[in-house]
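Q: Please walk me through this structure and then take a close look at one part of it. I would like the overall picture to lead into the detail.

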Amino acid sequence: MRRNFWLNMFLICIGIVVGTMVAELTAGVPGLSWLSYGLDFGTTSPLVLDMNVFHLTLGIGIKITISSVIFVILSVVLGRLIAKK
């Protein structure tokens, strides 16, 4: 069960990376620009804690595109098919 969890996490990360790469590459292509459509979630300005001795900056941002969703689904499905064999 533990191995299955880490395999799925790895496949999700691979899908996110490949999907983001495809979204960046197809952003200017007229027929494929819909793959780069997405939404940004997160903080626009980070939370800054300045205590004069150290500075702590916290922020998070996530961009979800159509191609990243497609490639996450594809990588998980293909990973399960390969794991069964």
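A: Happy to! This is a predicted model, in which local features need pLDDT of at least 70 and side-chain atom pairs count only at pLDDT 80 or more, while totals for chains, interfaces and linings use all residues. Residues are numbered from 1 along each chain as its sequence is written, and side-chain values use heavy atoms, leaving out hydrogens and water.

The chain exposes about 7,100 Å², with carbon and sulfur atoms supplying 72% of that area (Shrake-Rupley method, 1.4 Å probe; for residues, only the protein chains shown count as cover). Of its 85 residues, 18% are buried. Its radius of gyration, taken over C-alpha atoms, is 18 Å, whereas a compact globule of 85 residues would have one near 12 Å (the rule being 2.2 Å times the number of residues to the power 0.38). Those C-alpha atoms fill a box of roughly 60 × 45 × 15 Å along the principal axes.

From the N terminus, the elements run α-β-β-β-β-α; these are DSSP runs, with helices being H or I of at least four residues and strands E of at least two.

Now to serine 67, which sits in helix 2 (residues 66-84). Serine 67 counts as buried because its relative accessibility is 0% (buried means under 20% relative accessible area, exposed over 50%, partly exposed in between, with a 1.4 Å probe and protein chains only). Setting aside neighbours within four places in sequence, serine 67 is in contact with Gly19, Val22, Ala23 and Leu35, where contact means heavy atoms within 4.5 Å.
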